[in-house]
Amino acid sequence: MASSAMELSLLNPAMRGIAAKPLPSSGLPLARRSSVVRFRVSASAAAAPPKPSSSGPKKRGKTEIQETLLTPRFYTTDFDEMERLFNAEINKQLNQAEFDALLQEFKTDYNQTHFVRNPEFKEAADKMQGPLRQIFVEFLERSCTAEFSGFLLYKELGRRLKKTNPVVAEIFSLMSRDEARHAGFLNKGLSDFNLALDLGFLTKARKYTFFKPKFIFYATYLSEKIGYWRYITIFRHLKANPEYQVYPIFKYFENWCQDENRHGDFFSALLKAQPQFLNDWKAKLWSRFFCLSVYVTMYLNDCQRTTFYEGIGLDTKEFDMHVIIETNRTTARIFPAVLDVENPEFKRKLDRMVEINQKIIAIGESDDIPLVKNLKRIPHIAALVSEIIAAYLMPPIESGSVDFAEFEPQLVY
Ligand SMILES: [Fe+2]
Ligand SMILES: [Fe+2]
């Protein structure tokens, strides 16, 4: 998974938080340092990123970062239902040959030797000062959490599906290998800033959000593809504008995003193997809903962090719209309906959501007592919800089946 992955809970009525259930220990080779970042769970709404401190960079001890509704989450699912879905005796739609081919691709392990660090990292981190340094640390923390979230989910799916469908199970395990690498590499990046995320602690202490398998498929497909588009867009931009190359991690994004692309393609194959998730009116409604959740969450998140994007020479909104449009075009190959994100009205709605969200954040940062804050938030939350509903109800684009007909004639239905 990638940096904006799995950040859906803002909008999803289908999710429910469940108490943290420690998953089996990961055996990850992830750094544990004396300075450990831990998460504090609070009930605040879409909060702003931490304010840059005027005292400049300093070595932090046990540091807390604030968790909000927009923080990347950890996910769990109904593993028994997953086992039924991937049982070849129950589900005759499973295209085992396609999964065998995908497995070979994952076994090739194109990026086995890709994630190797060099002294440039520490030097670049030391040069980074002021607000950019702080927002950069937050970028690394959030990205690492999102990648690690993918690692946990795929690792568990790999374990649980072993008996029912060893091929699909092995692919999940190999995807968890990739995500562990990504998370580990980002955590190493944090060590350049004298920090580290305590991922063992996170595994045990965080709440896991429950998604039914069907929603896991929609959500993870979108996360992987949007992750691909984010990474490749940043990579291409910095290649063309090397003066903004402030930290060497971006140089790794070209091969890295190919991992995310492969993960997305695997979920595409999984969805095709479960046509009941793609071929009715409910699938169309859910497809649009998940697209909207992912796009809105990314847009609101990124518009709170313009310092980061401007720091690497990007216009935040232009970058996000490019990523949304490309992700939507890719998604239209498999989802039965997508949003009309290229209609200028869609962006106008997103921009209004950003304005409203800023007002909600300002209330949160005021000196009012909590009751007054909550009362003041009500009209803005209502306005935000009504913008979201209006965006959802914009005429959608029917999609999906064209590509099925072109590339997978046996799967036309
Ligand atoms: Fe990843
Ligand atoms: Fe991924």
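This section describes a helix, several side-chain contacts and a surface patch in a predicted model.

Helix α11 covers residues 316–331. At 1.5 Å a residue, its 16 residues should span 22 Å. The end C-alpha atoms lie 22 Å apart, in agreement with that value. Asp315 caps the N-terminal end of α11. There, a side-chain oxygen of Asp315 is 3.1 Å from the backbone nitrogen of Lys317. Buried positions of α11 include Thr316, Phe319, Asp320, Met321, Val323 and Ile324. Glu326, Thr327, Asn328, Thr330 and Thr331 are buried as well. The buried residues of α11 pack against the helices α7 (213–240), α9 (281–303), α10 (306–311) and α12 (344–365). They also pack against strand β7 (337–338).

Helix α7 contains Arg230. Arg230 has a relative accessibility of 3% and therefore counts as buried. Its side chain makes a polar contact of 2.7 Å with the side chain of Tyr309.

The whole structure holds 25 salt bridges. One of them joins the side chains of Glu138 and Arg305, with an N to O distance of 2.9 Å. This pair links distant parts of the chain, 167 residues apart. Glu138 sits in helix α4 (residues 130–160), whereas Arg305 lies in the loop between α9 and α10. Both partners are buried: Glu138 has a relative accessibility of 9%, and Arg305 has a relative accessible area of 8%.

Another salt bridge connects Arg177 and Asp178, whose closest N and O atoms are 3.0 Å apart. Here Arg177 is partly exposed, at 21% relative accessible area. Asp178 is buried, at 1% relative accessibility.

Glu387 and Arg352 also form a salt bridge, with the closest N and O atoms 2.8 Å apart. The two residues are 35 residues apart and link distant parts of the chain, Glu387 in helix α13 and Arg352 in helix α12. Glu387 is buried, with a relative accessible area of 13%. Arg352 is partly exposed, with a value of 32%. Salt bridges with shared partners join Glu345, Arg348, Lys349, Arg352 and Glu387 into one network.

A nonpolar patch lies on the surface. Ile369, Leu371, Val372, Leu375 and Ile378 form this patch. Together they have about 480 Å² of accessible area. Ile378 belongs to helix α13 (residues 370–392). Its relative accessibility is 51%, so Ile378 counts as exposed, the cut-off being over 50%.

Key
Residues numbered from 1 in each chain as written. Chains lettered and ligands numbered in written order. Predicted model: local features only at pLDDT ≥ 70, side-chain atom pairs only at ≥ 80, totals over all residues. Heavy atoms only, no water. Patch = residues over 30% accessible without salt bridge, like charges linked within 9 Å, V, L, I, M, F, W, Y side chains within 5 Å. Areas by Shrake-Rupley, 256 points an atom, 1.4 Å probe, with all protein chains shown as cover. Salt bridge = Lys/Arg side-chain N within 4 Å of Asp/Glu carboxyl O. Helix = DSSP H or I, 4+ residues; strand = E, 2+ residues; numbered from the N terminus. Buried < 20%, exposed > 50% of the residue type's maximum accessible area, 1.4 Å probe, protein only. Expected span 1.5 Å × (residues − 1). Contact = heavy atoms within 4.5 Å. Polar contact = N/O pair within 3.5 Å; in protein donor to acceptor, adjacent residues only side chain to side chain.
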